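Here are my notes on the model you sent. They are set out as numbered points, with cut-offs given where a term first comes up.

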Amino acid sequence: MAYTAERGRPAAGGKRIWVLWAVGAVSAALYAVFLHVSSGGPWWLSIAAGALWAVMTVGLIHWGQRRRARKLGLSGLAELAELGRAIKDERIPQDPVQQNVLRTVIRHNRKRRRLALWSWLIVGAVMIWNAVSMWHRHGPAAGIISSLFVLAWIPTMYFADRRQQQKLHHLELRLQELDSGRTPSAP
């Protein structure tokens, strides 16, 4: 795998499938523990179900990334990953074609975030239901721990989402400055 000089990151052609498998492993562990705690079934069944869940999670993420790359007119996942790193680092490519693609990706990301408001409601409802269920099935200690998790997780995710929206907005403003002939402000 080829690495860039900056921060030791994989180059645009490098594969980053290990990130997907890390997400899958975390997903498997969480699902197995949740299934075992909620159903009280044997561990081997919970681990097998968690492994199946991980394969499904990785498959869906990979399928969604490929679909998104095709929808945006990108050549592949490597280009999508490179643009994602550009957004994360708030840097604008020098190539005008890449700038247009970056502009399209930013517009698409902002649109998806506006349309995904319902996902916050679903995640909140599921987490509250889980806390109530844990309280009912396993007593107040489990319910309080689950409630504390909800109280920590939802604001954390909200502020992370707001930070990402601000990055997208700032990068979009810098691209507009570049279009108007002004030197873009520093990130």
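1. Asp161 is buried, at a relative accessible area of 14%; buried means under 20%, exposed over 50%, and partly exposed in between, with a 1.4 Å probe and protein chains only. Asp161 belongs to helix 6. Helices (H or I, at least four residues) and strands (E, at least two) are DSSP runs numbered from the N terminus. Apart from neighbours within four places in sequence, Asp161 is in contact with Arg113 and Trp120, where contact means heavy atoms within 4.5 Å.

2. This is a predicted model, in which local features need pLDDT of at least 70 and side-chain atom pairs count only at pLDDT 80 or more, while totals for chains, interfaces and linings use all residues. Residues are numbered from 1 along each chain as its sequence is written, and side-chain values use heavy atoms, with hydrogens and water left out.

3. What joins Asp161 to Arg113? Their side chains meet in a salt bridge, 2.2 Å from N to O; the term stands for a side-chain nitrogen of Lys or Arg within 4 Å of a carboxyl oxygen of Asp or Glu. Asp161 lies in helix 6 and Arg113 in helix 4, so the pair ties together parts that are 48 residues apart in sequence. Arg113 is partly exposed, at 30% relative accessibility. By the rule above, the count comes to six salt bridges.

4. The overall layout is six helices and zero strands, giving the pattern α-α-α-α-α-α along the sequence. Of the 187 residues, 29% are buried. Among contacts with a separation of 6 or more, 53% are between residues 24 or more positions apart.

5. Helix 6 has 40 residues and reaches 58 Å from its first C-alpha to its last, close to the 58 Å expected at 1.5 Å a residue; the expected span is 1.5 Å times one less than the number of residues. Its buried residues include Ala142, Gly143, Val150, Leu168 and Leu171, and their cover includes helix 3, helix 4 and helix 5. After helix 6 comes Gly181, with a positive phi near 95 degrees.

6. Glu172 is also in helix 6 (residues 140–179) and is buried, with a relative accessible area of 18%. The side chain of Glu172 makes a polar contact with the side chain of Arg110 at 2.4 Å. A polar contact is a pair of N or O atoms within 3.5 Å; within protein, one must be able to donate a hydrogen and the other to accept it, and residues adjacent in sequence count only if both atoms are side-chain atoms. Not counting residues up to four places away in sequence, Glu172 touches Ile106 and Arg110.

7. Helix 3 has 13 residues, which should span 18 Å at 1.5 Å a residue; its end C-alpha atoms are 18 Å apart, which agrees. The buried residues of helix 3 are Glu79, Leu80, Leu83, Arg85, Ala86 and Ile87. They pack against helix 2 (43–71), helix 4 (96–115) and helix 6. Glu79, leaving aside neighbours within four places in sequence, is in contact with Leu74, Gln98 and Val101.

8. Which residues are linked in a network of salt bridges? They are Glu82, Arg85, Asp89 and Arg91. The closest N and O atoms are 3.0 Å apart for Arg85 with Glu82, and 3.1 Å apart for Arg91 with Glu82. Arg85 and Glu82 are separated by about one helical turn because they are three residues apart in helix 3. Arg85 is buried at 9% relative accessibility, whereas Glu82 is partly exposed at 23% and Arg91 is partly exposed at 26%.

9. Glu90 sits in the loop between helix 3 and helix 4. Phi of Glu90 is positive, near 55 degrees, in a residue other than glycine. Most residues other than glycine have a negative phi. Glu90 counts as buried, at 14% relative accessibility.

10. Helix 5 (residues 117–138) gives the largest share of the patch, four residues. Phe34 lies in helix 1 (residues 17–39) and is partly exposed, at 33% relative accessibility.
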